[in-house]
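This report describes selected local features of one structure, shown below.

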Amino acid sequence: MAALLDKFGRPITDLRIAITDHCNYKCVYCRTGNEGALYRDLPIADYLRMAGVFAALGIKKVRLTGGEPLLRKGIVELVRDLAKLRSADGEPLELAITTNGHLLAEMAQPLKDAGLDRVTVSMDAVDRDRFARITRVPNGYDNVLAGIRAAKRAGLEPVKVNCVLLRGFNEDQIIPFGKFAREEGVVLRFIEFMPLEEDRVWSPDVVVTLDEILERMSEYLPLVEIPHARSETSRRYRFEDGLGEIGIIAPVSHPFCGHCSRIRVTSDGKIRTCLFSVWDHDLHAQMRRGATDAELEAFIREVVLHKEERHHIGEPDFIPASRTMVHIGG
Ligand code: SF4
């Protein structure tokens, strides 16, 4: 079976499926409109079928996202069934989840037992009060910390912690996060703020860039760059003393679209070929009309040929994405 390639020759191997549009957090840089869920969730079996068709086309990694995926009943069973799938090369899929960690403490072990490989926790402050102000949920910090520790105990390693940095909001958390990563033994990743929030307040001035993050963190301890695979979104560094690793995902100042291997399915079953797509492709509509797996494969191949070359953030011709991050799933 020919690999799933877009018209730029990029192999698409990394599928992200949003299995719910609901979230139990209201992070200020994400849900500024507090609109709540806008799109319906599909039956878990539909996401499984979609993943199976994508796996047959050569997808190797499946990441479950949301909203907040741990809110979705049946997620452990879904992971168990995904773990039975094989990619086109006969290998098992690499399974990961991106979560806000609020429910992770009690779910880490069952997810690991079901076949989950890794977990990424979205966390934007290691200061309790700041964390509460960002998420607009009281007592979230202790839940998330307990979740991270439970994930490590369960062996969902490496546990990655993603922090979106906004100037004037949490850039003072850079060094405390460095200390946190070393103490907790997690891989820390800073993410440059992208124009995907609900009320469109993004501006280049709010972005804390890769260079600034490196400069700030180096005031704490020297860093050494780690060579990384071209399709990796993160530039990786370890502290010179060997304790702790950080990554920086810099789509604004150091775009990595040239090696993009990602494709997404939204909670209501629409394919998004890029985070910044201005339209969706309705895979679930094909399923509802009774399409066979072969017809779904042909539909996906055709859609992938429309994958955008790159984003145009900060350029005069930039058009905002047709959905905001909380309704895409990261
Ligand atoms: S912006 Fe679009 S093309 Fe660029 S890396 Fe992200 S998903 Fe891929």
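## Asp14 and the basis of the values

Strand β1 (residues 14-18) contains Asp14; strands (E, at least two residues) and helices (H or I, at least four) are DSSP runs numbered from the N terminus. The model is predicted, so local features need pLDDT of at least 70 and side-chain atom pairs count only at pLDDT 80 or more, while totals for chains, interfaces and linings use all residues. Residues are numbered from 1 along each chain as its sequence is written, and side-chain values use heavy atoms, with hydrogens and water left out.

Asp14 counts as buried because its relative accessibility is 8%; buried means under 20% relative accessible area, exposed over 50%, and partly exposed in between (1.4 Å probe, protein chains only). Beyond neighbours within four places in sequence, Asp14 is in contact with Ile59, Lys61, Ser261, Arg262 and Ile263, where contact means heavy atoms within 4.5 Å.

## Lys60

Lys60 occupies the loop between α1 (44-56) and β2 (61-65). Its relative accessibility of 38% is why Lys60 counts as partly exposed. Apart from neighbours within four places in sequence, the contacts of Lys60 are Thr13, Ser87, Asp89, Leu93 and Glu94. With Asp89, the side chain of Lys60 forms a polar contact of 2.9 Å (a pair of N or O atoms within 3.5 Å; within protein, one must be able to donate a hydrogen and the other to accept it, and residues adjacent in sequence count only if both atoms are side-chain atoms).

## Helix α7

In helix α7 (residues 210-220), the buried residues are Leu210, Ile213, Leu214 and Met217. They lie on the same side of α7 because they cover an arc of only 95 degrees around the axis, the arc being that of the directions from the helix axis to the C-beta atoms. Glu215 and Glu219, on the other side of α7, are exposed. Elements covering the buried residues of α7 include β5 (160-165), α6 (174-184) and β8 (234-239).

## Cysteines

The whole structure has zero disulfides, a disulfide being a pair of cysteine sulfur atoms within 2.5 Å. For Cys23, the nearest cysteine sulfur is that of Cys27, 6.4 Å away. Cys30 is buried, at 14% relative accessibility.
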